[in-house]
Amino acid sequence: MARLWVGLAGAGFFVALLVLHSRFCGSPVLRKFAFQVSWTTEEILYRLDVGWPNRPEYFTGTTFCVAIDSLSGLVYVAQRGDNIPKVLVFTEDGYFLRSWNYTVDTPHGIFAASTLHEQSVWITDVGSGSYGHTIKKYNSFGDLVQVLGTPGKKGTGLTPLQFDNPAELYVADTGDIYIVDGDGGLNNRLIKLSQDFMILWLHGERGTGPAKFNIPHSVTVDSAGRVWIADRGNKRIQVFDKDTGEWLGAWTNCFTEEGPSSVRFTPDGKYVIVAQLNLGRVLLVAAPPVGSIGNCSVINTIQLADQVLPHLLDVSGKTGAIYVAEIGAKQVQKYVPVEGYFPSFTHS
């Protein structure tokens, strides 16, 4: 019996040392271990896939964003840094495929918009060089297909269209494009473009009222035709009708400590996934029914280690796995649903 108590005490001391070392030294390996040691009574709905990717040494810069092409099973990661590949391509199983760097200056947001006939990747570029302040479309091998904006020149113009630090975009199956333009630049606006790049509607004023923004940082569209904006500086999520641009409501009650930096939906549309950068956490929030926005209701929280800084995230349309781009830890990590909680997802 004495040996048992000695063993338990030793194990507890070892875990405490690991947690303290993770907090103060920032070891990526220990961060992964510390995440799985939970001191809360909240049920764990997602678990960290510690084996993804197989070769994390390919993360050589600051990982700002990640996009999942569920149709092709590909994961695109965009990172910043000097003399490094800016875009990395992995499989959802974690195998590294390739990298490319052509015409990418300073990536901020990324979106994969593939069909049966075309694999495409869109990147928002906030750089000050000749490719900056643009939104660019590439094929999966990095060949430049389309440029939106005025390369190398920031601005507020609509004819021709100009951007200043465009944060992120969402491309619908119809080809319509939703853009949040203004990661701390001249613009604080939400723009909807048609598939031939004509402006359909926009909201474009800095402020705190409805349909006004302070650093609109992330955008997604749900299956009910609602556009969700992470209005980071105003500590809220705003919601609009995708067809008319009508303001439908806002969530503020979940973000009193810090505004949202990223917003996505689970494949079944039942939950909103939200990242909070400085708090180092990812929220699982109940999605409201059609015809109502209501208040934000947090179902579960993934708490990350200190200084990890989850910037932008994406969700696999097949498995429901959450991929988080962490600018503090300089890596992308994958969180997979725990078996049994999300029976509508196909687990990998």
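Analyst: Helices (H or I, at least four residues) and strands (E, at least two) are DSSP runs, numbered from the N terminus. The model is predicted, so local features need pLDDT of at least 70 and side-chain atom pairs count only at pLDDT 80 or more, while totals for chains, interfaces and linings use all residues. Residues are numbered from 1 along each chain as its sequence is written, and side-chain values use heavy atoms, with hydrogens and water left out.

User: How many helices and strands does the protein have?

Analyst: Counted as DSSP runs, the elements of the protein are two helices and 24 strands.

User: Which residues have the most contacts inside the largest nonpolar core?

Analyst: A nonpolar core is a set of buried Ala, Val, Leu, Ile, Met, Phe, Trp, Tyr and Cys residues joined through side-chain atoms within 4.5 Å; buried means under 20% relative accessible area, exposed over 50%, and partly exposed in between (1.4 Å probe, protein chains only). The largest such core holds 27 residues, and those with the most contacts inside it are Trp122, Leu169, Ile177, Tyr178, Ile229 and Phe240.

User: Why does Lys212 count as partly exposed?

Analyst: Lys212 lies in the loop between strand 13 (199–203) and strand 14. Its contacts (heavy atoms within 4.5 Å), leaving aside neighbours within four places in sequence, include Asp231 and Arg236. Lys212 counts as partly exposed because its relative accessibility is 28%.

User: What distance separates the C-alpha atoms of Lys212 and Arg189?

Analyst: These two residues are 23 residues apart along the chain. The separation of their C-alpha atoms is 7.6 Å.
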